[in-house]
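Here is a quick tour of one model, going sheet by sheet and then helix by helix. Have the viewer open as you read.

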Amino acid sequence: MEQEPKGIREQSAKYPAVQNLMHNVNERTLMAEHRKRSRKKATGVDGIDKAAYDENAPERIAALVERMRKFQYKPLPVRRTYIPKVNGKLRPLGIPAYEDRLVQGVMAKVLNEVYEPRFLGCSYGFRPGKGAHDVVRYINQTIMTKKVNYVLEADIKGFFDNVDHDWLMRFLAHDIQDKNYLRYVERFLIAGIMEDGKRLASDRGTPQGGLISPVLANVYLHYVLDLWMEKAIKPRLRGEVYYVRYADDFLILFQYENEARKVMDTLKKQLGKFSLEVAEDKTRILPIGRFKGTIGGF
């Protein structure tokens, strides 16, 4: 995908909605994605790894493209396993089937090209040229140089498992006018989960372990949080306010304490509209500045 992404990004920057995306998922781009895959990855429910697929990859990919053209391609459920977390708990991990990884990888690249011109500068997670160290630098500089006295530290409870499919598809349809492309995104969302030999429905959430999940998460929070903060919240505040997000973790920095508390209450209502909620035990307001005040608007 050398020429196509540039064209997608230019189209996205110029027009309200992007068209004709599905042709980017083709034999050439899928083969390029196959060559990038690691030979050490665990297998999904299909039991196929890169070495096995490589035996006749051109034929397999040609057949895959033909199935997609006829809308006969349906992603398999992801195989769920669990990995230990630092705190001793277990984190669920979804392992897609091999061909599903290839399709998701190409489709994720397309989505990134569509949304890079649209995402706001406050979003740092899973974006090219941005990382966690950039977030830390931004926060430190803001606290040191701006009138910041309080920080709202928020955590969304089980975000990746609770993304509302209907809302996500509405957000995507606002920016993408390609019904075939959106159709395959939706198929990934509802592909299901295989655990202990049983298939579980996936009526909400993004594909666990899927290459397409990070950008879908960013699209969801771009509409639910980023645009809301910039267009609905910031203009209503009298004090200075700064917002930064890394994936589903975010901070809001305030000049005034009362505005921080009002935004926290409003935040809970905003998330609730989109089937999300804050983790109460991880959401708090902390004083951090040298000059604290309680005069504000909102």
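## A bridge to start from

The strands involved are β4 (residues 150-155) and β9, which pair in the antiparallel sense over 6 bridges. Strands here are DSSP E runs of at least two residues, helices are H or I runs of at least four, and both are numbered from the N terminus. Two strands count as paired if DSSP finds at least two bridges between them.

Before going further, some housekeeping. This is a predicted model, where local features need pLDDT of at least 70 and side-chain atom pairs count only at pLDDT 80 or more, while totals for chains, interfaces and linings use all residues. Residues are numbered from 1 along each chain as its sequence is written, and side-chain values use heavy atoms, with hydrogens and water left out.

## The antiparallel sheet

Zoom out and β4 and β9 turn up in an open sheet of 4 strands, ordered β8-β9-β4-β10, with antiparallel pairing. β8 and β10 (284-287) stand at the edges with a single partner strand each, so one side of each has no neighbour in the sheet. From one strand to the next, the twist averages 20 degrees. As for what holds such strands together in general, strands of a sheet pair through backbone hydrogen bonds, either parallel or antiparallel.

Buried means under 20% relative accessible area, exposed means over 50%, and partly exposed is in between (1.4 Å probe, protein chains only).

Helix α6 (residues 132-145) lies across β8 and β9, running at about 165 degrees to β8. Helix α10 (residues 213-233) packs on the sheet too, touching β8 and β9, and its direction makes about 175 degrees with that of β8. For these angles, axes are lines fitted to C-alpha atoms (for helices, over the stretch in contact), and values run from 0 to 180 degrees between N-to-C directions. Contact means heavy atoms within 4.5 Å.

## The β8-β9 hairpin

β8 and β9 (residues 249-254) pair in the antiparallel sense over 6 bridges. They form a hairpin with 2 residues between them, and Tyr246 stands opposite Asp249 in β9.

Ala247 is buried, with a relative accessible area of 9%.

## The mixed sheet

Another open sheet has 4 strands in the order β3-β2-β6-β7, and its pairing is mixed. Its edge strands are β3 (90-95) and β7 (198-200), each pairing on one side only. The twist averages 40 degrees from one strand to the next.

β6 (residues 193-195) and β7 run antiparallel and are joined by 3 bridges, with Ile193 partnered by Leu200 in β7. Asp196 sits in the loop between β6 and β7. Asp196 is not a glycine, yet it has a positive phi of about 55 degrees. Asp196 is exposed, with a relative accessible area of 73%.

## Helix α5 and its partners

Helix α5 (residues 98-115) and helix α9 (residues 179-189) have axes that come within 12 Å and cross at roughly 130 degrees. The two are therefore oblique to each other; the classes are roughly parallel under 35 degrees, roughly antiparallel over 145, roughly perpendicular from 65 to 115, and oblique for the rest. Asp100, Val103, Gln104, Met107, Val110 and Leu111 in α5 meet Tyr181, Tyr184, Val185 and Phe188 in α9. By class, that contact has 8 nonpolar, 1 polar and 1 charged residues. Ala, Val, Leu, Ile, Met, Phe, Trp, Tyr, Cys and Pro count as nonpolar, Asp, Glu, Lys and Arg as charged, and the others, Gly among them, as polar.

Helix α2 (residues 27-36) also packs with α5, at an angle of about 115 degrees and with the axes 9 Å apart. That makes α2 roughly perpendicular to α5. On the α2 side the contact includes Leu30 and His34, and on the α5 side Leu102 and Val106 are among the residues involved. The class count for α2 with α5 is 5 nonpolar, 3 polar and 4 charged residues.
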